[in-house]
6 protein chains.
Amino acid sequence: MATVYVTRVVHFNAAHRLHCPDKSDAWNQRVFGRCNNPNWHGHNYTLEVTVAGEPDPQTGYVIDLGVLKRIIHDRVVTRVDHRNLNLDVEFLAGINPTTENFIVAIWDELVGAISPGRLYSLRLYETERNYAEYFGNDRSQPRRA
Amino acid sequence: MATVYVTRVVHFNAAHRLHCPDKSDAWNQRVFGRCNNPNWHGHNYTLEVTVAGEPDPQTGYVIDLGVLKRIIHDRVVTRVDHRNLNLDVEFLAGINPTTENFIVAIWDELVGAISPGRLYSLRLYETERNYAEYFGNDRSQPRRA
Amino acid sequence: MATVYVTRVVHFNAAHRLHCPDKSDAWNQRVFGRCNNPNWHGHNYTLEVTVAGEPDPQTGYVIDLGVLKRIIHDRVVTRVDHRNLNLDVEFLAGINPTTENFIVAIWDELVGAISPGRLYSLRLYETERNYAEYFGNDRSQPRRA
Amino acid sequence: MATVYVTRVVHFNAAHRLHCPDKSDAWNQRVFGRCNNPNWHGHNYTLEVTVAGEPDPQTGYVIDLGVLKRIIHDRVVTRVDHRNLNLDVEFLAGINPTTENFIVAIWDELVGAISPGRLYSLRLYETERNYAEYFGNDRSQPRRA
Amino acid sequence: MATVYVTRVVHFNAAHRLHCPDKSDAWNQRVFGRCNNPNWHGHNYTLEVTVAGEPDPQTGYVIDLGVLKRIIHDRVVTRVDHRNLNLDVEFLAGINPTTENFIVAIWDELVGAISPGRLYSLRLYETERNYAEYFGNDRSQPRRA
Amino acid sequence: MATVYVTRVVHFNAAHRLHCPDKSDAWNQRVFGRCNNPNWHGHNYTLEVTVAGEPDPQTGYVIDLGVLKRIIHDRVVTRVDHRNLNLDVEFLAGINPTTENFIVAIWDELVGAISPGRLYSLRLYETERNYAEYFGNDRSQPRRA
């Protein structure tokens with residue numbers, strides 16, 4: 001049997017600010033620098049969503065990537081695109097929107113909604129030069145190769 | 001000892017149609033939508049071929065990427081470039097050319113021809129936003145890390 | 001007054017075949033080589049549409065790029081995406097779909113539909129390494145700089 | 001004599017909101033849609049700055065691109081990177097930061113500071129699919145070709 | 001009649017050093033900095049060659065891009081790829097290989113060899129962030145738009 | 001607990017030559033072809049450095065990517081950028097600078113300097129079409145998923 005990994009790439013943009021409200025302004029300024037600007041800054045994000053599974057014998061699909069695109073749009077893109085990640089996004093409430101925290105929160109929104117196949121990994125570009133990847137925290141998950 | 005993974009990227013283009021001949025036209029139209037167009041559509045494909053191995057002490061190569069390029073061209077590119085994947089490609093005969101089925105078929109063409117080193121993975125872009133990856137189905141294969 | 005040029009980039013894919021029906025099969029094979037495959041091949045095309053004009057004092061737009069996107073989709077993308085350029089596209093009937101002929105035909109579909117602003121140029125990528133540009137054939141058109 | 005055009009590409013990111021304060025909220029919402037979000041959104045911008053001139057016989061440079069980079073950083077990048085374009089940028093005060101208005105304002109900051117050579121054009125990407133170009137409004141400027 | 005501009009993109013890599021032999025080592029070090037390293041450095045260059053003309057009524061081509069590719073390879077790529085631009089390239093003898101000087105020298109190698117169509121412009125990337133463009137120095141050349 | 005992988009992408013350029021001094025010139029010419037040019041050639045390299053760890057509860061960072069950028073610059077970029085890999089780089093002394101040997105040498109420079117988090121992988125592009133990846137040779141290292 002052949003496990004194949006299929007990926008859909010989507011784009012969105014958002015404003016955000018890195019800030020830990022439990023800490024002083026001086027701590028936040030020192031730790032986050034320009035990313036702590038109280039007037040916000042923003043990014044064009046690129047999100048890659050990878051689903052693992054065996055191709056269906058009839059369709060030849062692990063998952064129809066049009067279906068996957070719609071799931072990602074309904075669960076993630078419509079809620080974050082052209083938004084303020086600190087103020088506008090329910091699933092990020094109380095979360096400092098670093099790329100690391102953001103990608104884990106996106107995973108939690110998507111992991112139960114993918115079918116057929118199982119969510120294997122996410123890659124989230126904040127810029128062309130900075131990105132994060134996440135594979136979930138389920139230790140029983142089958143390994144890649 | 002150090003296992004290094006080296007990758008060669010190649011490009012080709014082809015026409016295809018997603019269609020399951022065992023099913024009705026209505027089923028095919030519903031499942032594959034525009035990809036079922038009986039007059040075909042097409043893509044510029046990008047294929048990434050990754051070979052794993054230890055660098056040779058004398059050459060410093062896992063595999064000479066010029067040699068790898070020639071293997072990929074002889075085994076894959078010359079047979080699919082500027083072709084119709086449903087009609088012209090012997091190694092796809094009877095296979096519905098989804099990205100998933102196509103990448104598994106390419107693996108089978110390449111896996112026995114790579115030397116030195118062993119074929120580790122393939123990545124196949126159908127568009128910039130849709131791609132598949134395959135690592136073979138040999139469970140005894142050493143894991144990545 | 002400040003003329004600004006704004007561009008919207010769109011993607012589509014299609015099958016085609018280069019073939020001149022007035023000529024013999026031998027001539028077509030010699031001139032077009034692999035691009036003459038009677039079973040078709042295909043591409044992911046990228047189209048860049050540039051509109052020139054002065055930004056509106058109230059909106060700050062030459063043209064709302066969301067509006068421009070819809071015009072391009074209605075006039076071009078919905079008619080060529082996942083199609084066979086030789087068989088399925090009315091505005092290409094009787095035209096050998098080289099990139100050159102295709103870009104001129106797209107211009108003719110778009111030039112009367114752009115408002116506000118005026119269509120300034122098109123760029124059409126057939127592959128990452130081959131593209132065409134067209135600026136219309138109206139000699140009275142204001143020059144770029 | 002040979003006029004050569006040299007270009008330096010820079011990146012920055014910022015938050016903004018499209019909004020015309022002379023108009024009602026309903027007008028702004030209708031015209032700018034999601035781009036009018038009162039909580040802001042943001043982008044990774046890419047700016048290409050093109051300088052025209054004849055290569056210096058001794059250096060072979062139109063302008064040292066390291067010098068050009070520093071001019072762009074001092075005049076533009078340090079003032080807009082990780083900023084809110086509506087609130088934080090003096091040279092955008094009172095300007096609705098569409099890509100069109102933004103590129104004209106950047107031109108005005110740069111045009112007097114380029115030496116040797118003369119500023120020929122700017123290209124500003126708001127996303128990979130949307131960009132603006134500007135060549136200044138000086139009709140006496142030599143034409144491109 | 002419709003003038004269309006077609007472009008072929010090619011890649012090559014080379015070592016070079018920026019150095020003006022008429023000047024002192026101190027002058028060269030001050031002007032060219034790290035680019036003056038006497039042990040050389042190098043780049044992956046990308047060259048875009050644009051040819052203008054009217055599509056041939058029978059072929060639909062301004063110029064067959066496969067033919068253009070061969071001209072560029074014979075005249076330029078085979079002479080500069082995997083070479084030292086200061087030591088190995090006859091058409092650069094005595095020329096300080098800045099991007100500006102290099103692009104003018106490439107123009108001179110190509111301009112007489114393009115047929116059908118006429119060489120319209122070159123774009124030469126030294127890195128993703130630095131590039132030069134050249135349109136020749138023939139003032140009688142028809143303007144772009 | 002959530003392991004996240006964060007990546008910083010950096011660029012540099014260098015000259016090099018593939019050559020095994022223990023072997024004859026004929027052997028080197030046969031094995032390395034154009035890459036054996038005694039006058040050198042060169043590349044724009046792209047290096048991706050991936051660090052694995054759990055996001056810090058206060059900062060939300062696995063590692064501050066600005067800190068990671070400085071580590072990479074101090075340990076690698078300042079020593080290889082605009083250099084000759086065979087002549088100028090102490091940590092490559094006696095090493096034939098294939099991409100494979102180069103990536104292992106970079107790993108050894110970085111692996112002890114990364115904190116917080118642990119170095120997980122490197123990817124090194126020599127051209128857009130050729131790259132290597134390395135995950136270290138520590139078999140006790142936790143697996144990816």
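This is a predicted model: local features need pLDDT of at least 70, side-chain atom pairs count only at pLDDT 80 or more; totals for chains, interfaces and linings use all residues.
**Chains E and F**
- Chain E goes onto chain F by a rotation of 180 degrees, with 0.0 Å of shift along the axis and an RMSD of 0.0 Å.
- That makes the relation one of a two-fold axis.
- Here, too, one surface serves both copies, as 100% of the contact residues of chain E recur in chain F.

**Salt bridges**
- Side chains of opposite charge can pair when their charged atoms come close.
- Over all chains, the count is 18 salt bridges.
- One pairing to look at is D:R34 with A:D81, a salt bridge whose closest N and O atoms are 2.5 Å apart.
- D:R34 sits in the loop between helix 1 (25-32) and strand 2 (41-53) of chain D, while A:D81 sits in the loop between helix 2 and strand 3 (83-84) of chain A, so this pair joins two chains.

**Positive patch**
- Which residues form the positive surface patch? They are A:K69, A:R70, C:K69 and C:R70.
- Helix 2 (65-80) of chain A and helix 2 (65-80) of chain C are the elements that each give two or more residues to the patch.
- For orientation, A:R70 is found in helix 2 of chain A.

Key
Residues are numbered from 1 along each chain as its sequence is written. Chains are lettered from A and ligands numbered from 1 in the order in which they are written. Side-chain values use heavy atoms; hydrogens and water are left out. Copies are superposed by least squares on the C-alpha atoms of residues with pLDDT of at least 70 in both. Contact means heavy atoms within 4.5 Å. Patches are made of residues with over 30% relative accessible area and no salt bridge: like charges are joined within 9 Å, nonpolar side chains (Val, Leu, Ile, Met, Phe, Trp, Tyr) within 5 Å. Accessible areas come from the Shrake-Rupley method with a 1.4 Å probe; for residues, only the protein chains shown count as cover. A salt bridge is a side-chain nitrogen of Lys or Arg within 4 Å of a carboxyl oxygen of Asp or Glu. Lys and Arg count as positive and Asp and Glu as negative; His and the chain ends are not counted. The place of a charge is taken as NZ of Lys, CZ of Arg, CG of Asp or CD of Glu. Helices (H or I, at least four residues) and strands (E, at least two) are DSSP runs, numbered from the N terminus.
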